[in-house]
Amino acid sequence: MPSSRARRIFADVTTLAALTGVSAWSSVTLARGPGELSAVWIGNGILAGWLLSRRTRLWPLYLSAAFAVELAVRWFADDPLDSGAVLAAANALEAALLAVLVRRLVPDVGDPKRWISLGGIATASTLFACTVSGLIGAGAMRLFHDAAFWPGFLMWFSAHVVGQVMFGTTTLVAHREGRAMFTAPGRRLSFVLTMGCVAATASVVFLSPYPVLFLAYPALLLGAVRHRFAGVAVGIVLLALIGSVATALGRGPLWLAEVGTSGRIALLQLYIAGGCLLTIPVALAMAERKRLAAGLRDSERRYRMLADYSHDVVVRMRADGERVYVSPSARDILGWEPAQMLGSRDSLVHPDDLASQRRLLAEAIADGQPRTAIYRVRHSDGRYVWIESVLRPVPSERGEGIEVIYAGRDVSRRVEAEAALERSRQELERLARFDTLTGLANRRQFEERLALAVHGVERGSAISLLYLDVDRFKQINDGHGHAAGDEVLRTFARRLTGCLRAGDLAARLGGDEFVVLIEDLHAPSAAEAVARKLIERMRRPIPIGRDALLVTTSIGVAYASGPPLSGDELMATADAALYAAKRERNRYCLQRVSRTPARRATRG
C-alpha cells in the first residue's frame with residue numbers, strides 16, 4: 001500500500017476515533033454515573049454513517065478503532081472493564097449490522113435518486129440493529145449492575161434509535177457534500193442566525209417552568225427548510241444538548257412530571273425523536289426538490305445547448321401561434337434574427353401554405369400527436385425557403401395547456417431535386433408514349449387505346465381505324481434528304497391533327513405510317529370525313545427550303561359496329577384497305593370488318 005494512501009487511511013481512522021471518543025464521553029458523562037444509560041447515543045450514528053461512506057474491506061479497521069476508543073472512555077468513566085467491553089462490542093455490532101443491511105440493499109447510498117427509498121430501508125435496518133444491540137446491552141446491565149432488563153432495553157433502544165436517525169443520516173450526507181453542507185457560499189450567515197434561533201428557543205423552552213416544549217419545533221423546522229440536513233443535524237444536536245444539560249441540572253418542563261430520572265430521560269428521548277420525525281422528512285423532501293430542480297436545470301441547459309447549436313430551426317410556439325422561442329439557427333437558414341421572429345408573424349409563411357399550417361397546428365393540439373409538414377417560409381431577402389418541420393405538442397412551461405415545438409430544416413434543394421425528378425419522369429413518360437418527331441401518340445399508346453376501344457365496343461356502337469402513309473415517301477428521302485423527309489412527316493402530322501376532333505387519336509407507328517382511331521356511333525361517315533379533309537389539305541405544297549413539294553397520301557379505313565371484334569381484325573382490315581387505296585394513290589378505301597377475307601367496299 002503506498003505510503004500516501006496509508007497516511008490518508010490513518011488520518012481517517014484517527015478522525016473517526018476522535019469523534020466517537022468525544023461523543024461517547026459526552027453521552028456517558030450526561031448519563032450521570034457508571035452503568036447508567038444516556039438519553040441519546042451519538043457515536044453509533046457517526047460510526048454507521050462513516051462505514052457506509054467507506055469501502056467494505058476497511059470496515060474492520062474502523063470498527064476496531066471505535067471499539068477501542070469507547071472501551072477506553074468507559075474505563076476512564078469508572079465503568080468496569082468487563083461490562084464496558086460488552087457494551088462497546090454491542091455498539092460496534094449495532095453499527096456493523098446497520099451498515100451491512102443498508103449496503104446490501106442500497107449499494108450506492110450516495111445516489112440522491114435513492115434517498116427516498118434509502119430512508120425506509122435505513123429506518124427498518126436501524127430498528128433491527130438497535131433491537132439486537134439493546135438486548136445485549138440490557139443483558140449486560142442486568143448481569144453486571146443488577147439493572148432491570150426491560151426498562152434498560154427500552155432506554156437503550158430509544159437512545160440508540162434517536163442517535164442513529166440524527167447522526168447516521170447527518171454523517172452520511174456530510175461525507176457526500178463536505179463542508180459545503182454547513183458553509184454553503186452565501187448562506188453562512190443565514191445558517192448561523194437560524195441555528196442561533198434554534199438554540200435561543202430551546203434555551204427558553206428548557207429554562208421555563210411551563211410545558212412549552214412545542215415552541216422549539218418551529219425554529220427546528222425553519223432550519224430543515226432553509227438548510228436541509230445541516231439544519232436538521234445541528235438543530236437536533238442543539239436541542240438534545242440543551243435539553244439534556246437543563247434536565248440534568250433539574251431545570252425545564254420535564255421536571256413537572258413525577259416520573260423519576262428514567263422517566264425524564266424517556267420523555268427527553270420522545271421529545272428529540274419527535275423533532276427528528278418532524279424535520280428529517282422535510283429535509284429529505286427539500287433534498288429531493290433540490291435534486292429535481294438541479295435535474296431540471298441540467299435538462300434545460302442541455303436542451304438549450306442542443307437548440308442553440310443545432311442546424312435545425314427550433315421554435316417553441318403557444319397554441320395561438322405566438323412564438324416564444326426561436327433558436328439562433330434561424331439566422332443562418334432564414335436570415336432573420338431570432339428576436340425578429342418572436343410573436344405572431346404569419347406573414348413569414350407563404351400565403352398558399354398558411355391555411356394548411358394552421359390546420360396542422362389545430363390537429364396536433366387536439367389529439368396530441370406529432371405532425372410533419374413541408375411549407376415555405378420567407379427569407380429576409382424576400383425569397384421563400386422550403387422548410388420540413390416536425391410539429392410536436394408539449395406541456396406548457398407554466399403548466400397551463402399545450403404548446404408546440406417545431407424542429408425544421410431547410411429542404412429547398414431536396415424539393416428542387418424532387419421537382420426536377422418529377423419533370424424528368426413526366427418527360428420520360430411523354431417519350432414513352434409520344435413520337436418525338438411529330439408529337440403524335442406512338443405505337444405503345446395507340447395499342448393501349450385500341451385495346452380499350454375494342455373492349456368497350458357494345459352492340460349498336462361503332463369504331464373506325466384509318467391507316468395512312470405518305471405516297472412515294474422513299475423518293476422524297478432519297479431525292480431531298482432525310483431532313484426534308486422529316487419536315488414532310490411533321491407537316492403531315494400537323495395537317496392530320498387539324499382534321500380530327502377532340503376525342504380522336506392520331507398516332508405514328510413508324511416511318512411514314514400513321515393511324516387514326518375514331519370511336520363514334522357514326523364511325524364510317526366520321527372516318528370518311530377525316531380522310532377526305534386530309535386528302536384535300538395535302539393538295540397544298542409543303543415548302544422545303546427553296547422548293548415546294550406536292551405530297552399525297554393513301555388511306556385505308558376499316559370500321560366495325562358491335563362485337564365480336566379484335567384489334568388485330570381491325571388492323572388487318574385497315575391494312576387491306578390501305579393496300580387497295582395505294583393502287584391509285586391519293587385516295588382512301590373503306591372496308592368493313594368481317595370474318596371473311598377483307599374486300600374493298602368503297603373508294604374515295
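The protein has 17 helices and 13 strands, where helices (H or I, at least four residues) and strands (E, at least two) are DSSP runs numbered from the N terminus. The model is predicted: local features need pLDDT of at least 70, side-chain atom pairs count only at pLDDT 80 or more, and totals for chains, interfaces and linings use all residues. Residues are numbered from 1 along each chain as its sequence is written, and side-chain values use heavy atoms, with hydrogens and water left out.

Of the 604 residues in the protein, 46% are buried. Buried means under 20% relative accessible area, exposed means over 50%, and partly exposed lies in between, with a 1.4 Å probe and protein chains only. Among contacts (heavy atoms within 4.5 Å) with a separation of 6 or more, 63% are between residues 24 or more positions apart.

The interior can be described through its nonpolar cores, each a set of buried Ala, Val, Leu, Ile, Met, Phe, Trp, Tyr and Cys residues joined through side-chain atoms within 4.5 Å. The largest of them has 59 residues, and L51, M166, F206, L239, Y271 and I272 have the most contacts inside it. Helix α8 (residues 216–248) supplies the largest share of this core, 13 residues. Apart from it lies another core, of 34 residues, which includes C499, A527, I535 and V551.

Leaving aside residues up to four places away in sequence, Y271 touches V205, F206, L213, A216, Y217 and L239. Two of its neighbours form aromatic pairs with it. Rings of Phe, Tyr and Trp (its six-membered ring) pair if their centres lie within 6.5 Å; planes under 30 degrees apart count as stacked, over 60 as edge-to-face and the rest as tilted. The count by this rule is seven aromatic pairs. The rings of F206 and Y271 have centres 5.7 Å apart and planes at 75°, so this pair is edge-to-face. It links distant parts of the chain, with F206 in helix α7 (residues 188–207) and Y271 in helix α9 (residues 260–309), 65 residues apart. Y217 and Y271 form a stacked pair, at 5.1 Å centre to centre and 15° between the planes. This pair also links distant parts of the chain, from Y217 in helix α8 to Y271 in helix α9, 54 residues apart. Both Y217 and Y271 are buried, and F206 is buried as well. Elsewhere, F149, W150, F153 and F157 form one aromatic cluster.

A148 lies in the loop between α5 (115–145) and α6 (149–177). Its relative accessibility is 43%, so A148 counts as partly exposed.

Helix α13 (residues 443–455) has 13 residues and reaches 18 Å from its first C-alpha to its last, close to the 18 Å expected at 1.5 Å a residue; the expected span is 1.5 Å times one less than the number of residues. Within α13, Q445, F446, L450, A453 and V454 are buried. They cover an arc of only 155° around the axis, which puts them on the same side of α13; the arc is that of the directions from the helix axis to the C-beta atoms. On the other side of α13, L452 and H455 are exposed. The buried residues of α13 pack against α12 (412–433), β6 (462–470), β7 (505–510), β8 (513–519) and α17 (567–581).

The count of disulfides, defined as pairs of cysteine sulfur atoms within 2.5 Å, is zero. C499 counts as buried at 4% relative accessibility, and C589 counts as buried at 0%.
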